Amino acid sequence: HLFWRNWLGYFSIIPMLSNTIASKSQQLAIKRNVDPSTGAVHPGSVNAQNVRDKLSKQLRIDLEDHETVQLMGKPVEVGHAELEEGDVERIMEEIGSSSDDDKDVEIRQLGEFMAKITLRGDHVVPLKFAVIKR
């Protein structure tokens, strides 16, 4: 579990979660079938529940019900390796701020994307993931 009870209340182990997610050796990769004629993901798509399930399966991070995952609907302009801290902060502000439609984002293309994981106490953890061809 992400939270332990101590004498001050709930203690969050956010640094451990951030380091696990940000680790380059453990990039989250979601494989999907691709339509050869269009290059788009078909059939299906990638949504927040798929990312949550993959976090649980690949990185062994089980999020609680109150912890939300929001996806960025378009791929990152530059690769994950070229993203700087300021770019990540800007993207985290964009995710979820434009409209309520961000909660139902479905990704139907290959590429590198960002997600925003919101934990208790409004702590935000960025997640870099890739949708790749199966």
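Reply: Starting at the N terminus, the elements follow the order β-β-α-β-α-β-α-β-β. Please keep in mind that this is a predicted model. In total the protein has three helices and six strands, and 37% of its 134 residues count as buried. The part I would pick is strand E5, residues 111–119.

Let's begin with its surroundings. E5 is mostly covered, with seven of its nine residues buried. It pairs with strand E4 (residues 68–71) through four bridges, and those two strands run antiparallel. To find this pairing on your screen, look for glutamine 70, whose bridge partner in E5 is lysine 116. E5 is also joined to E6 by nine bridges, again in an antiparallel arrangement. Here a handy landmark is alanine 115, which stands opposite leucine 127 in E6.

Now for the side chains. The protein has one aromatic pair. The ring centres of phenylalanine 113 and phenylalanine 129 are 5.8 Å apart and their planes meet at 25 degrees, so the pair is stacked. Phenylalanine 113 sits in E5 and phenylalanine 129 in E6 (residues 123–133), so this pair links parts of the chain that are 16 residues apart. How exposed or buried is phenylalanine 113? Its relative accessible area is 0%, so phenylalanine 113 is buried. Phenylalanine 129 is buried too, with a relative accessible area of 0%.

Follow the chain onward and you come to the turn. E5 and E6 form a hairpin with three residues between them, and in that turn glycine 121 has a positive phi of about 80 degrees. Aspartate 122 is found in the loop between E5 and E6 as well, and its phi is near 60 degrees, a positive value in a residue other than glycine. Aspartate 122 has a relative accessible area of 68%, so it is exposed.

Arginine 60 also has a positive phi, of about 60 degrees, although it is not a glycine. You will find arginine 60 in the loop between H2 and E4. With a relative accessible area of 69%, arginine 60 is exposed.

One more loop deserves a visit, the one between strand E3 (28–32) and helix H2 (48–58), where valine 41 has its place. Valine 41 is buried, with a relative accessible area of 4%. Leaving aside residues up to four places away in sequence, valine 41 touches Arg32, Asn33, Val34, Arg108, Gln109, Leu110 and Val131. Its C-alpha atom is 9.6 Å from that of lysine 31, a residue 10 places away along the chain. Proline 43 belongs to the loop between E3 and H2 too, and the peptide bond leading from histidine 42 to proline 43 is cis, with omega near -5 degrees.

Finally, let's step back to the protein as a whole. Among contacts between residues at least 6 apart in sequence, 61% join residues at least 24 apart. The protein exposes about 8,400 Å², of which carbon and sulfur atoms supply 49%.

Note on methods: Residues are numbered from 1 along each chain as its sequence is written. This is a predicted model: local features need pLDDT of at least 70, side-chain atom pairs count only at pLDDT 80 or more; totals for chains, interfaces and linings use all residues. Side-chain values use heavy atoms; hydrogens and water are left out. Buried means under 20% relative accessible area, exposed over 50%, partly exposed in between (1.4 Å probe, protein chains only). Contact means heavy atoms within 4.5 Å. Accessible areas come from the Shrake-Rupley method with a 1.4 Å probe; for residues, only the protein chains shown count as cover. Rings of Phe, Tyr and Trp (its six-membered ring) pair if their centres lie within 6.5 Å; planes under 30 degrees apart count as stacked, over 60 as edge-to-face and the rest as tilted. Two strands pair if DSSP finds at least two bridges between them.
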